[in-house]
Amino acid sequence: MGLGIYPCQPKWGPMAGSLEPRSAPVQALRPAPIAYTVGLRKVYGEGESQVLALCNVDIQLQAAEFTAIMGPSGSGKSTLLQCMAGLDHPTGGQVVVEGVDLGRLSPGRLTDLRRDRLGFVFQSFNLIPQLTALENLTLSERLGGARVDPAWLSHLTTAFGLTDRLHHRPAQLSGGQQQRVAVARALAHRPAIVFADEPTGNLDSRTGAEVLRLLRNAVAQTGQTVAMVTHDPVAAAYAHRVVFLRDGAVVAHLASPTAEAVLQRLAILEG
Ligand SMILES: Nc1ncnc2c1ncn2[C@@H]1O[C@H](COP(=O)(O)OP(=O)(O)OP(=O)(O)O)[C@@H](O)[C@H]1O
């Protein structure tokens, strides 16, 4: 049986008592999200080997909020991030970023939107090895995007402790320095949203904490919107809100998370 007739109903419903309050007056006061999905669905493969990675996911990212996405291995976290960031095509449903339905964009317009309005941070840094840190920082400009404001770039490199590393190539930098360059690069063109997939996965806890502080400061000080996939409850506690996935569906939200509260929710999900 293929997934064409799969009911798309995960084994898990929302976790009792864990959803954010949704009274009508509070909803009415909430500003429109900067990005959202409606009924997002992603199926990989065909026929017997089909995998339902996302199952009718509705999620909102609020502007100037730091959202962490968590869940057991294989629950669909990276797939959700990739679909929201226009790096992967959903099988069904909608992704809307700053009012633009990504599904209606031509491949060229989607590439432009990714370059100009989105920033990316990956677990493996993904810097271009032949370019210096400074050249990596201005990559979106080098790819034909808007000019990176020199004053903003100077602020970023100072705040990120990179001023004496700008002419080094990635291989001449530590892992933490490389990820700081990657985060600064993601912020350099002032994107609407930074998507980060396990940004601390390759870092020790001290270096990882530095990177998380930089992301959180970007949210607190400049109103940057950040969405981050992580396995680490300590990393998730830097966020304003955690969205939990299980079997490709959103099953819980946690506002103002602590590492302990995140750990408890994960234990229930993985139990
Ligand atoms: N390219 C692909 N082809 C086939 N199946 C895939 C592909 N990418 C992901 N999947 C499957 O989709 C499901 C969701 O994968 P995804 O990587 O989004 O989960 P995840 O929660 O990010 O997992 P992890 O925490 O282990 O990184 C999994 O069952 C995975 O095996």
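Modeller: Helices are DSSP runs of H or I with at least four residues and strands are runs of E with at least two, both numbered from the N terminus, and with these terms Gly-145 is found in the loop between α5 (139-142) and α6 (150-159). Residues are numbered from 1 along each chain as its sequence is written. The model is predicted, with local features needing pLDDT of at least 70 and side-chain atom pairs counting only at pLDDT 80 or more, whereas totals for chains, interfaces and linings use all residues.

Biologist: Is Gly-145 buried or exposed, or does it count as something in between?

Modeller: A residue is buried if 20 or more other C-beta atoms, placed from the backbone, lie within 10 Å of its own, exposed if 12 or fewer do, and partly exposed in between. Gly-145 counts as partly exposed because it has 18 C-beta neighbours inside 10 Å. Contacts need C-beta atoms within 7 Å; leaving out residues up to four places away in sequence, Gly-145 touches Arg-115, Asp-116, Ser-140 and His-189.

Biologist: How is strand β3 placed, and which strands does β3 join?

Modeller: Strands of a sheet pair through backbone hydrogen bonds, in either the parallel or the antiparallel sense; here a pair requires at least two bridges found by DSSP. Strand β3 (residues 66-70) is joined to β8 (residues 225-229) by four bridges, running parallel, and β3 also pairs in the parallel sense with β9 (residues 241-246) over four bridges. Thr-67 stands opposite Ala-227 in β8 and opposite Arg-241 in β9. Five of the five residues of β3 are buried: Phe-66, Ala-68 and Met-70 point one way, while Thr-67 and Ile-69 point the other way.

Biologist: Which residues have the most contacts inside the largest nonpolar core?

Modeller: In soluble globular proteins, nonpolar side chains tend to be buried together. A nonpolar core is a set of buried Ala, Val, Leu, Ile, Met, Phe, Trp, Tyr and Cys residues joined through C-beta atoms within 7 Å. The largest one in this model has 68 residues, and Ile-69 and Leu-215 have the most contacts inside it. Beyond its neighbours within four places in sequence, Ile-69 is in contact with residues including Leu-80, Leu-81, Met-228, Val-229, Val-243 and Leu-245.

Biologist: What is the order of the strands in the open sheet?

Modeller: The order is β2-β1-β4-β5, with antiparallel pairing among the four strands. The edges are β2 (51-61) and β5 (100-101), each of which pairs on one side only. Seven bridges join β1 (residues 35-44) to β2, and the bridge partner of Val-43 in β2 is Leu-52.

Biologist: Which elements each supply at least two residues of the shell around the ligand?

Modeller: The elements are β2 and α2 (77-84), and α2 gives the most, with three residues. Among the surrounding residues are Tyr-44, Val-51, Ala-53, Gly-74, Lys-77, Ser-78 and Thr-79. The shell divides into three nonpolar, eight polar and one charged residue, where Ala, Val, Leu, Ile, Met, Phe, Trp, Tyr, Cys and Pro count as nonpolar, Asp, Glu, Lys and Arg as charged, and the others, Gly among them, as polar.

How values were computed:
Two residues are in contact if their C-beta atoms, placed from the backbone, lie within 7 Å. A residue is near a molecule or strand if its C-beta atom, placed from the backbone, lies within 6 Å of it.
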